[in-house]
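Good morning, and thank you for coming. I would like to take you through one structure today, and I ask you to keep it in view as I speak.

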Amino acid sequence: MNVNVTGAYIYFEIPIFGGIAVTQTDLSLLVVTILLSLAAYFLGRDLKKRPGGAQVLVEKAVTTLRNLVSDTMGPHNVGWTPYIGTVFLSSICGSLIGMLGIFRSATADLSVPLTWAVMTSVIIWYNSIKRNGFLGWLKGFTEPVVVMTPMNLISEVAQPVSMAFRHFGNVAGGGVITSILYTALGLASTALLNLVSSTIVVPIVVLALGVLLFVLGKKQKKTVRWVFGIVFFVIGVLGLLQYTDILSGVPILQFGIPAVLSVYFDLFSGFVQAFVFSLLSMVYIAGACPPPEEAAQA
């Protein structure tokens, strides 16, 4: 397996068009596509008039999405619901798939959100040309004055680029911070265990202190005290195991602590970025697809 130092791993290359690289990102997107397709098939078949629990949840989700599109883009644009839903679910699943530890987060590759952003821009341009004609669309770049043409052109390019970099930057930044945290916790684990296990006396004293704090905390109903008691007790036990070489080299601080950041970077931030990207897509497309009465007056 080859490594591309500027991005995802390259598994192999298809020998056409000068070589098409198949990367971790491609595999992640393929898995996401298959999973979403299977989910759509199984959740969409055998629909009943008296729905069960799964059908109720799916119908509620679809209704919520349609209402969001209708409120944001206008009732006349509700037909864009499948596109917005696809982008949103692809973004969510593309970010969360990295939590499995097997695949790479697809949205951590700039090419993925950039492709979605370009697709949105193409939709905007198509609808502008459809409404105003090709010459009318080109004329829009010269308004309000001809001198604004370069700025208008830059704005058309900057729109998809800014959408893509906003999404990519947050996901990739979270991955970098998590990687740095894992490395730092590994070094801190080694330093802590080496300090505690320097002699047999130190872990025994730490263990005894932990028991004392726990007992006093329980008796006095001091939560902080008995929590620290548990921490000191665990460190003392681990120090004894390290001293006897039973636990040598195990990065204990990497267990549990990164999970807190993972909840933010992988779950909360991934959801927020998917929602913001979808919302911007709705706003931009709605601008190119005004209500019929406004389009007739233009």
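This is a predicted model: local features need pLDDT of at least 70, side-chain atom pairs count only at pLDDT 80 or more; totals for chains, interfaces and linings use all residues.

In which helix is the place of Val237? Val237 belongs to helix H7. Residues are numbered from 1 along each chain as its sequence is written, and side-chain values use heavy atoms, with hydrogens and water left out.

Let me begin with the overall arrangement. The protein has nine helices and two strands. Helices (H or I, at least four residues) and strands (E, at least two) are DSSP runs, numbered from the N terminus. Along the sequence, the pattern reads β-β-α-α-α-α-α-α-α-α-α. Of the 298 residues, 30% count as buried. Buried means under 20% relative accessible area, exposed means over 50%, and partly exposed lies in between, with a 1.4 Å probe and protein chains only.

I return now to H7, which covers residues 223-243. This helix has 21 residues and reaches 30 Å from its first C-alpha to its last, close to the 30 Å expected at 1.5 Å a residue; the expected span is 1.5 Å times one less than the number of residues. Its buried residues are Gly229, Gly236, Leu238, Gly239 and Gln242. Val237, by contrast, is partly exposed, with a relative accessible area of 28%. Val237 and Val206 stand 31 residues apart in sequence, and their C-alpha atoms are 8.6 Å apart in space. Just after H7, Asp245 takes a positive phi of about 65°.

Next, the aromatic rings. Rings of Phe, Tyr and Trp (its six-membered ring) pair if their centres lie within 6.5 Å; planes under 30 degrees apart count as stacked, over 60 as edge-to-face and the rest as tilted. How many aromatic pairs does this rule give? The count comes to six. One of them joins Trp80 and Tyr83, edge-to-face, at 6.4 Å centre to centre and 75° between the planes. Trp80 is partly exposed at 23% relative accessible area, whereas Tyr83 is buried at 14%. In a further pair, the rings of Phe88 and Phe271 have centres 5.7 Å apart and planes at 85°, so this pair is edge-to-face. Phe88 lies in helix H3 (residues 81-96) and Phe271 in helix H8, so the pair ties together parts that are 183 residues apart in sequence. Phe271 is partly exposed, at 46% relative accessibility.

Helix H8 spans residues 257-288 and also holds Leu279, which is partly exposed at 29%. Leu279 and Ile84 are 195 residues apart in sequence, yet 8.5 Å apart in space, C-alpha to C-alpha.

Finally, the largest pocket. A pocket is an open set of points, on a 1 Å grid over the protein atoms alone, where a 1.4 Å probe fits, with protein on both sides within 12 Å along at least five of seven lines; lining residues have an atom within 4 Å of a point. Which residues lie nearest the centre of the largest pocket? They are Ala61, Val62, Leu65, Gly85 and Leu89, out of 24 lining residues. Helix H1 (24-44), helix H2 (53-73), H3 and H8 each give two or more residues to this lining.
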